[in-house]
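I opened this notebook to record what I looked up in the structure.

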Amino acid sequence: MNVLAVIRPDDWNFPLLVHVLGAALLVGGLLTAVVAQFLGWRRQRSADAVAYARTTFRALLFVAFPAWWIMRIGAEWIYRREGWEDVESEPDWLGIGYITADLGGLLLLVSIILAGLGARRLARSGGETSTLLRISTVLVTLALVAYVVAVWAMAGKPG
Amino acid sequence: MAFYDWLLALHVLAAFSLVAALVLYTVVIAVSWKLALPSDVSRMFRLTRVGDVAVAVGAVGTLVLGIWLAIDSDDYQVWDGWIIAALVLWALSMETGRRTGTVYNAVRDRAPALVAEGRDTPHPELNAMVRSSTGLALHAATVVLILALVVVMIYKPGA
């Protein structure tokens with residue numbers, strides 16, 4: 001039973017809202033990027049590949065990246081508000097949340113750079129396959145899966 | 001994890017699916033806004049197929065699992081004020097979302113039809129459909145309603 005959610009003090013609500021909204025926007029940005037990346041993966045027409053590559057880059061840079069910061073700032077805010085820094089042995093779900101947030105952030109950053117470079121090269125080459133974009137696709141997919149696991153862990157609170 | 005925790009985790013994942021779909025639709029609407037060629041619009045609207053699946057999973061998941069949670073929990077009842085408010089917001093958002101879908105599904109059908117007819121040139125009717133103020137207003141209303149739903153879920157006013 002999730003007792004914490006039932007008896008949560010009112011002043012925890014806003015930091016939690018910031019954290020949850022940031023995380024939801026982040027997952028939405030990553031989902032959009034992943035769908036565009038997979039649609040662009042096997043496209044024969046150069047215009048299709050270039051358009052999907054640009055959409056991927058924009059979704060990552062203008063949606064997922066700011067959302068990651070909102071999620072991460074909200075996480076730190078609620079972490080301190082709930083007083084977890086005074087607890088010696090943190091629960092598993094908190095560890096899962098931290099690892100996925102930070103590791104996923106690194107994956108996101110690398111993905112944005114690769115997607116941007118890949119989209120640029122693709123446009124210049126006239127739409128030939130870009131290895132950078134394919135690496136970015138794998139990384140963004142991994143980040144999305146990691147964040148879905150994180151959402152499950154933060155909501156279900158295993159351990 | 002207890003049964004209640006699984007229900008809660010899946011309920012939250014469903015909510016994330018719903019928000020992720022809204023983010024995807026927002027990106028598609030924003031990117032398509034300045035597109036003129038039917039082939040470009042058609043390409044961009046292919047992304048919305050995944051959004052439709054995410055909305056269906058999110059809509060059904062949040063409602064069914066949310067009611068199940070309220071029944072399963074001793075702390076909440078389905079007739080609690082904040083749960084009724086959430087159900088009303090859910091119903092309103094589904095209706096505005098359905099109407100938004102009617103507007104933009106017409107774009108998704110019309111654009112490839114124009115391409116198939118060999119009319120891949122700027123098309124005033126299609127451009128007006130893409131930049132529909134009604135569609136944009138309905139989408140914005142859906143976003144606001146879902147945001148209000150998230151706020152109600154976190155703050156649980158009156159609980």
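**Entry 1: what covers a helix of chain B**

I started with the cover over α2(B): its buried residues are covered by elements that include α3 of chain A together with α1, α3 (48-72), α4 (81-116) and α5 (124-130) of chain B. Contact here means heavy atoms within 4.5 Å. Helices are DSSP runs (H or I, at least four residues), strands are E runs of at least two, and both are numbered from the N terminus. I noted the ground rules next: this is a predicted model, local features need pLDDT of at least 70, side-chain atom pairs count only at pLDDT 80 or more, and totals for chains, interfaces and linings use all residues. Residues are numbered from 1 along each chain as its sequence is written, chains are lettered from A and ligands numbered from 1 in the order in which they are written, and side-chain values use heavy atoms, with hydrogens and water left out.

How many residues of helix α2 (residues 38-45) of chain B are buried? I found eight of its eight residues buried. Among them are B:Pro38, B:Val41, B:Arg43 and B:Phe45. Buried means under 20% relative accessible area, exposed means over 50%, and partly exposed lies in between (1.4 Å probe, protein chains only).

**Entry 2: the interface**

I then looked at how chain A meets chain B. The contact draws 37 residues from chain A and 31 residues from chain B. The size of an interface is often given as the accessible area lost when the parts come together. For chain A and chain B the buried area is about 3100 Å², and carbon and sulfur atoms give 76% of that. Buried area is the accessible area (1.4 Å probe) that two parts lose on being put together, summed over both.

Which side chains meet in a salt bridge? I found A:Asp48 and B:Arg43, at 2.5 Å, N to O.

On the side of chain A that touches chain B, α1 (3-6), α2 (13-41), α3 (46-81) and α5 (131-156) of chain A each supply at least two residues. The largest share, 17 residues, comes from α2(A). By class, this side of chain A has 25 nonpolar, seven polar and five charged residues. Nonpolar covers Ala, Val, Leu, Ile, Met, Phe, Trp, Tyr, Cys and Pro; charged covers Asp, Glu, Lys and Arg; the others, Gly among them, are polar.

I went back to A:Asp48, which sits in helix α3 of chain A. A:Asp48 counts as buried because its relative accessibility is 5%.

**Entry 3: the cores**

The largest nonpolar core has 76 residues, and A:Leu26, A:Leu30 and A:Leu60 have the most contacts inside it. Helix α1 (residues 3-32) of chain B gives the largest share of this core, 16 residues. A second, separate core of six residues includes A:Leu16, A:Leu17, A:Ile78 and B:Ile154. A nonpolar core is a set of buried Ala, Val, Leu, Ile, Met, Phe, Trp, Tyr and Cys residues joined through side-chain atoms within 4.5 Å.

I listed the partners of A:Leu26, not counting residues up to four places away in sequence: A:Ala64, A:Ala67, A:Trp68, A:Met71, A:Leu108 and A:Tyr147.

Chain A has five helices and zero strands. Buried residues make up 52% of its 159 residues. Its C-alpha atoms fill a box of roughly 60 × 25 × 25 Å along the principal axes.

A:Thr137 is in helix α5 of chain A. A:Thr137 counts as buried because its relative accessibility is 3%.

Last, I checked B:Thr48, in helix α3 of chain B. Its side chain makes a polar contact of 2.7 Å with the side chain of B:Arg108.

Key:
Salt bridge = Lys/Arg side-chain N within 4 Å of Asp/Glu carboxyl O. Polar contact = N/O pair within 3.5 Å; in protein donor to acceptor, adjacent residues only side chain to side chain.
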